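Subject: Structure handover

Hi,

Here is the structure I promised to pass on to you. Please have a look, and my notes on what turned up follow just below it.

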Amino acid sequence: MTTLAILGGDPVRRAPFSRWPQYLPADAARIQEVLESGHWGGFPVPSRYSAEFAEKFAELHGARYALTIANGTIALIAALQAAGMRFGDEVIVPAYTWDGTATAVLFAGGIPIFADVDPDTYCLDVASAARVITPRTRAVIPVHLAMRFTDMNALLALARTHHLKIIEDCAHAHGGCFEGHGAGSLGDLGCFSFQESKLMTAGEGGIVVTSDLSHFEHLQSQVNCGRASLTDQYQQRVLGSNYRMTEWQAAILLGQLEMLPDLAQKRARAAQRLSEALSSTDGVRPLPPQPGITRETNYCYVFQYRNQRVRRDLFCAALEAEGIPCDGRFYEPVYRSPLFCASPEISPQLRDTDYAKVHCPVAERAAYHEAVWLPQFLLIGEDRDVDDIATAIAKVLGHTNELARADPSLAGAKAMSRAQRPRKERAKNY
């Protein structure tokens, strides 16, 4: 093959991948209708388009109820509050996830307790979670990550034994199913994000699903400044806040929901094609199939880098120079992340917690050495897009001798944490 692009050669690909976000013509008509209606906000709860979207979203995921909300992190905070979490309660979260999963626990007054992840899925390792349960543990937040699900059968059994609430973080799992159950419907509550990079987006936004009316009524009051829920069967009075979603966002999300099945099918087909190509490529390992997934969803395509000569960050920089957007430090173990500014001074419930003692080896290996993330919009185009990805990966791996001798500083932003990179990557929306 020709010289690597990062070393001055021609890249495998110059054409951009599919545009993201995508939208439908009907979205513009709904937005115009909202504009002319004069009702732009989220009050009363639920407002017209928010109610319509929430009903359809709940039905898709097999939940009785859904409530739109300001964003995915706020969705987690509200879900924790609805589940009855109190100040100082411990909540188990996977170490390898976006910081917001853990910071939501802090904002709700709890203490995040980190468990390791499974080496084949990068989702919460249930055995690791079992080892960190204490008398103060009240809940577990499994994160269905990228293209795989947490082993929910094992987690549900663990939760029953220890009387724990399960709040599913489904920010990557819109439309996915595990053993016939929709994401978010297996636990007590499920939380989704509609941030711009997600499988469905309104720029920002979130939603919580549940089949428990008590939780649903609490959520309605929580997001609406403490006002009574519509049904008010349980007459819960809470210290609420304004977590409402606007009608602009809900109007856009109706179109996103309409497009989801077709885009999900494209992503699944592309992911399978890429896995088949990479299965015969030395130096990388596709994540193995997960039999429990009965409706596939792919927020990103993740594979494992297994080359000892060149650091993963430099590999990612070389791959991106070939025209393939990618990331290695997509996540760091949260307890090591510079975005996780957790201390007793900021969060007094942490006065007896020392995150310096936490060590989750699978999460650390994924974060700093192994995982490579490809954004989902690479998977919604044509077969030749996938073939270019596979060709570029093979090209970089075929030049590891030259890359090993190159200046390590060529890794550039790929070697930076996500706290620093946005200063250099202003054009990215993922």
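Strand 3 (111–115) and helix 5 (126–131) each give at least two residues to the lining of the second largest pocket, with strand 3 contributing the most, five residues. Helices (H or I, at least four residues) and strands (E, at least two) are DSSP runs numbered from the N terminus. A pocket here is an open set of points on a 1 Å grid over the protein atoms alone, where a 1.4 Å probe fits, with protein on both sides within 12 Å along at least five of seven lines; lining residues have an atom within 4 Å of a point.

Before going on: this is a predicted model, in which local features need pLDDT of at least 70 and side-chain atom pairs count only at pLDDT 80 or more, while totals for chains, interfaces and linings use all residues. Residues are numbered from 1 along each chain as its sequence is written, and side-chain values use heavy atoms, without hydrogens or water.

Back to that second largest pocket: 17 residues line it, and I113, F114, A115, V132 and V358 lie nearest its centre. Its volume is about 280 Å³, a volume being the space filled by probe spheres set on the grid points, which are joined across faces, edges and corners.

The largest pocket comes to about 730 Å³. Its lining has 35 residues, with W98, Q195, S197, K198 and R418 nearest the centre. Helix 3 (72–82), helix 4 (99–107) and strand 8 (189–193) are the elements that supply two or more of the lining residues.

Five bridges pair strand 2 (residues 90–94) with strand 3 in the parallel sense, and V91 has P112 of strand 3 as its bridge partner. Angles run from 0 to 180 degrees between N-to-C directions, with axes fitted to C-alpha atoms, for helices over the stretch in contact, and contact means heavy atoms within 4.5 Å.

There is also an open, antiparallel sheet of three strands in the order 10-12-13. Helix 8 (residues 247–278) lies across strand 10, strand 12 and strand 13, at about 10° to strand 12.

Best wishes

Notes: Pairing = 2+ DSSP bridges.
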